[in-house]
Amino acid sequence: MEKTKKYKDLDERFFMPAFSRDMALVKGKGTIVWDAEGKEYIDCVAGIAVCSTGHCHPAVVKAICDQAHTLIHCSNLYYVPHQGDLAKKIVEITGMHKAFFSNSGAEATDGALKLARVRTGKKNYVAFIHGFHGRTVGSLAVTHKPAIREPFEPLGLKCSFVAYGDLEGLKKAVDTDTAGVLVEPIQGEAGVIIPPEGFMEGIREVCDSAGALMIVDEVQTGMGRTGKWLAIQHTRAVPDIVTLAKGIASGFPMGALIAREGLEFRKSEHGSTFAGGPLACAAALATIGVIEKILPDVSRKGERFRAGFAHYNPRVRGLMIGISVGEKCPEVQKRCMEQGVLVNCAADGNLRLVPPLIISDAEIDRAVGVINGALG
Ligand SMILES: *Cc1c(COP(=O)(O)O)cnc(C)c1O
C-alpha cells in the first residue's frame, strides 16, 4: 500500500478532512478502474453516476483534446464554441424549451431556485424528506438531511419538507407563496428510492393549482441513467424546470438547467464565468453522442442486474440500482472492493449501484457474482 500511503499522507497533512476515503484511483478504461497499487476493479460507482460513458471514452477524450488545442476558455461575453449546439441537443432530447449551463449539480439547483423566484415573484420552496439537491448555500436550503444543513442555518431561503410520496402533505405545504416544488424522480443519495405510481403526476397537479413551479432534479437520474434521457419521461408529468449534471459530460464538470416555454432568465439575471465553457460543452456533446447509441440497452441491462439480485428485492430503474442491506452495508462494500468490484453505500444502509451505461453483460454478471457473495 506504499503508493496509496503517499496520497494518504498528503491528504492528512494538507487537505481539509471533509471526505472519508482510503483508496486512490489512478486510471480507468471503460467500466474498469485501477487503484494506485495496480489492483483492478469493475466500477459500479462511476464517480457516483458521473462516468456515464465509462472511463476515458475515446470519443469524449478526443472532443476534449481537440477543443483544448483550439480554445480552452473565452467567457460568456462572447458566443462560445459548442454551447449553442449543446443547448439545441439537450432541448431536443428532453422536450424542454431552452437551456442554461452551470458547473455542477448544486449550481444548477441554485439557478432553478433563482429562476422560479424571479419568474413567479414568490419566495418559498417545498422539497422532500431525504431529498438531496446540493451543498451550496442555496441548494443546501432545499436539501433535507438535517446533519448537513442545520449547522449552516440560517440559509436565507424558506423551505418546508414533506415525506416523499405524500401528496396530502404536499397539498398542505404548498400555498400561494410557493415559488417551486423540488423533487427527484428517484431519490439518489437517499439510496435509490422509487416513489409510488402517480406521485409525479400528483405533484404536477398540486403545483398547477397553487401556481408553483415543478422543479425536477435529474442531476443523478438524467442523461440516460434510467433508460430514458430523463427519469420523468417514464411518467406523464411535464416539469417546468429540470436540472442536470452528474452524467452529462462523462466527468468533465458541468451542469444544466432546462425550462419549458416562457420560463427563462432575462438580461443579467444569472451568469457564471466558467459555465458552459468550450471544453465542457464539447465533452457533453460527445457524451450525448455515445449515450444515443447505448440508451436502448440501458433498461435491459438494469433487468439483468435485477434478475441477478432477485433474492434481495432490488429497486431498479435502468442502471440505477438500490438494495436495502442495513447496518452491514459498509462491510459489504469493503468485501466487494477486496473482490474487485466498487459499490457504494448511500443513506440508511442502501447499497447503490450506478455503473457506466456502457457496462457489458459479462461485467454485469461478474459484478453480480461478487456482490451476491459479499451479501451472503
Ligand atoms: C449529486 C447531486 C446534486 C449535487 O450535484 P453536485 O455536482 O455535487 O453539486 C444535486 N442533486 C442530486 C439529485 C444529486 O444527486
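Reader: Which residues surround the ligand?
Author: This is a predicted model, in which local features need pLDDT of at least 70, side-chain atom pairs count only at pLDDT 80 or more, and totals for chains, interfaces and linings use all residues. Residues are numbered from 1 along each chain as its sequence is written, and side-chain values use heavy atoms, with hydrogens and water left out. A residue is near a molecule or strand if one of its heavy atoms lies within 4 Å of it. The ligand is surrounded by Ser104, Gly105, Ala106, Phe132, His133, Gly134, Glu184, Glu189, Asp217, Val219, Gln220 and Lys246.

Reader: Which residue has a polar side-chain atom 2.7 Å from an oxygen atom of the ligand?
Author: A polar contact is a pair of N or O atoms within 3.5 Å; within protein, one must be able to donate a hydrogen and the other to accept it, and residues adjacent in sequence count only if both atoms are side-chain atoms. Glycine 105 has a polar backbone atom 2.8 Å from a ligand oxygen, and alanine 106 places a backbone N or O atom 2.8 Å from a ligand oxygen. The polar side-chain atom at 2.7 Å belongs to glutamine 220.

Reader: At what angle do the axes of helix α3 and α10 cross?
Author: Helices (H or I, at least four residues) and strands (E, at least two) are DSSP runs, numbered from the N terminus. Axes are lines fitted to C-alpha atoms, for helices over the stretch in contact, and angles run from 0 to 180 degrees between N-to-C directions. Helix α3 spans residues 58-70, and its axis comes within 8 Å of that of α10, with a crossing angle of roughly 155°.

Reader: How are α3 and α10 oriented to each other?
Author: Angles under 35 degrees count as roughly parallel, over 145 as roughly antiparallel, 65 to 115 as roughly perpendicular and the rest as oblique. The axes cross at roughly 155°. α3 and α10 are therefore roughly antiparallel.

Reader: Is the crossing of α4 with α10 left-handed or right-handed?
Author: A crossing is left-handed if the near helix is turned anticlockwise from the far one by less than a right angle, and right-handed if clockwise. Helix α4 (residues 83-94) and helix α10 (residues 278-308) pack at about 35°, with axes 9 Å apart. The crossing of α4 with α10 is left-handed.

Reader: Which residue does a cis peptide bond join to glutamate 153?
Author: The bond has an omega of about 5°.

Reader: What is phi of alanine 49 near?
Author: Alanine 49 is found in helix α2 (residues 46-49). Its phi is positive, in a residue other than glycine, and is near 65°.
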